[in-house]
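Please look over the chain shown below before reading on. The briefing that comes after it is arranged by topic and is meant to be read beside the structure.

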Amino acid sequence: MARLFGFLWRLLLVFFHVNRSVVSWLRVRLRSLKGRLLERAVATLLLPVALSRFSDHQKKSKHSPDASAAPSADGNPADCQRARWLSDGKSLEKLPVHVGLLVAEEEPSYTDIANLVVWCMAVGISYISVYDNHGVFQKNNSHVLEQIVKQQQDLLGVDGPKYSVQFLSNGNDHQYHVVSCRPTVKVLSPEDGKQSIVQAAQQLCSSVENKERSSKDVSVTMLDILLRESKNIPDPELVVKFGPVNSALGFLPWHIRLTEFISLPSHRNISYEDLLAALQRYSMCQQRLGQ
């Protein structure tokens with residue numbers, strides 16, 4: 001009998017625990033169900049209010065003259081693009097005055113480099129230098145010019161702003177004017193780097209030999225003045241290098257003491273967003289130039 005009572009007691013305990021667990025589970029489910037029903041009821045009551053406000057917002061957006069998504073007055077996509085690029089340039093904390101485009105790849109793409117040049121102009125950059133180690137762009141400068149003009153028309157529209165394009169070779173400027181305007185493009189080659197330093201040094205020595213200057217004038221400062229007179233461009237604040245080569249490849253060695261270099265894998269099939277990302281990186285970098 002003692003064993004029977006013990007078994008019955010254990011059975012009653014098991015039944016009690018199972019019953020309590022079932023009751024607890026049912027309470028949780030009922031609370032959850034009530035919460036969902038309450039949420040749905042509130043959402044049903046507030047839905048008409050939300051729809052009416054959304055309708056009012058749409059009407060205001062359609063009639064607002066300065067809506068951000070509204071196209072230009074004449075609906076010209078090129079005008080919208082120009083406005084967007086100019087806005088992107090103004091949104092940057094700092095925008096370089098002179099940007100160098102250094103192509104360290106075997107086969108340069110004229111169309112892609114022309115796109116980069118036009119995008120740089122469109123965001124408000126005043127000077128753009130195009131450089132490749134083999135001087136391919138400079139040897140085919142007329143083709144570069146044709147592509148830049150073509151991309152200006154394609155990207156900015158026929159009535160878009162035009163820019164002057166200058167080519168430097170051995171210290172001599174051959175200018176091809178589209179229309180006189182502030183931004184300037186210069187196509188450089190290795191001869192415009194180390195060779196320019198040699199020519200400036202020879203010019204300084206010749207002036208001393210001809211007694212146009214004294215030997216005291218032979219200094220780094222005077223050499224710097226002669227180099228800047230021959231190039232007539234400010235130092236590049238940013239150089240965007242395209243390709244796997246980790247080198248400046250002779251790009252204006254005298255002018256890049258304080259230049260920020262940003263590397264991208266390739267200039268081929270590059271997008272405007274890639275260039276904008278590089279400009280944003282430059283705008284956020286802190287340059288400690290010292291005293």
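The structure is a predicted model, and its chain contains 8 helices and 7 strands. Of the 291 residues in the chain, 35% are buried. Among contacts with a separation of 6 or more, 68% are between residues 24 or more positions apart.

**Packing of α3 against α5**

- Helix α3, made of residues 110-123, and helix α5, made of residues 141-156, have axes that come within 8 Å of each other and cross at roughly 55°. The two helices are therefore oblique to each other, and α3 passes α5 in a right-handed crossing.
- On the α3 side, the residues that meet α5 are Tyr-110, Thr-111, Ala-114, Asn-115, Val-117, Val-118, Trp-119, Met-121 and Ala-122. Their partners in α5 are His-143, Val-144, Gln-147, Ile-148, Gln-151, Gln-152, Leu-155 and Leu-156. Sorted by class, this contact of α3 with α5 has 11 nonpolar residues, 6 polar residues and no charged residues.

**Packing of α3 against α8**

- The axes of α3 and of helix α8, which spans residues 272-284, come within 10 Å and cross at roughly 55°. That crossing angle makes α3 oblique to α8, and the crossing of these two helices is right-handed.
- In this contact, Leu-116, Trp-119, Cys-120 and Val-123 of α3 meet Tyr-272, Leu-275 and Leu-279 of α8. The residues of the contact divide into 7 nonpolar, no polar and no charged.
- Trp-119 is listed in the contact of α3 with α5, and Trp-119 is also listed in the contact of α3 with α8.

**Asp-88 in helix α2**

- Asp-88 has its place in helix α2, which covers residues 77-91. With a relative accessible area of 16%, and because buried means under 20%, Asp-88 is classed as buried.
- The side chains of Asp-88 and Tyr-272 are joined by a polar contact of 2.6 Å. Leaving out residues up to four places away in sequence, Asp-88 touches Tyr-272 and Leu-276.

- Lys-94 is found in the loop between α2 and β1, the latter being residues 98-103, and at 24% relative accessibility it counts as partly exposed.
- The side chain of Lys-94 reaches the backbone oxygen of Cys-285 at 3.1 Å. Not counting residues up to four places away in sequence, Lys-94 touches Tyr-282, Ser-283, Cys-285 and Gln-287.
- Lys-94 and Leu-279 are 185 residues apart in sequence, while their C-alpha atoms are 8.8 Å apart in space.

**Asp-235 in the loop between α7 and β6**

- Asp-235 is found in the loop that lies between α7, residues 220-231, and β6, residues 238-242. Its relative accessible area is 22%, and Asp-235 is partly exposed.
- When residues up to four places away in sequence are left out, Asp-235 touches His-98, Arg-228, His-255 and Arg-257.
- Asp-235 and Leu-258 are 23 residues apart in sequence and 8.3 Å apart in space, taken from C-alpha to C-alpha.

- Most residues other than glycine have a negative phi. Against that background, the loop between β6 and β7, the latter being residues 260-264, holds Leu-249, whose phi is near 55°, a positive value in a residue other than glycine.
- Leu-252 likewise has its place in the loop between β6 and β7, and it has a positive phi of about 35° although it is not a glycine. At 3% relative accessibility, Leu-252 counts as buried.

Terms used:
Residues are numbered from 1 along each chain as its sequence is written. This is a predicted model: local features need pLDDT of at least 70, side-chain atom pairs count only at pLDDT 80 or more; totals for chains, interfaces and linings use all residues. Side-chain values use heavy atoms; hydrogens and water are left out. Axes are lines fitted to C-alpha atoms, for helices over the stretch in contact, and angles run from 0 to 180 degrees between N-to-C directions. Helices (H or I, at least four residues) and strands (E, at least two) are DSSP runs, numbered from the N terminus. Angles under 35 degrees count as roughly parallel, over 145 as roughly antiparallel, 65 to 115 as roughly perpendicular and the rest as oblique. A crossing is left-handed if the near helix is turned anticlockwise from the far one by less than a right angle, and right-handed if clockwise. Contact means heavy atoms within 4.5 Å. Ala, Val, Leu, Ile, Met, Phe, Trp, Tyr, Cys and Pro count as nonpolar, Asp, Glu, Lys and Arg as charged, and the others, Gly among them, as polar. Buried means under 20% relative accessible area, exposed over 50%, partly exposed in between (1.4 Å probe, protein chains only). A polar contact is a pair of N or O atoms within 3.5 Å; within protein, one must be able to donate a hydrogen and the other to accept it, and residues adjacent in sequence count only if both atoms are side-chain atoms.
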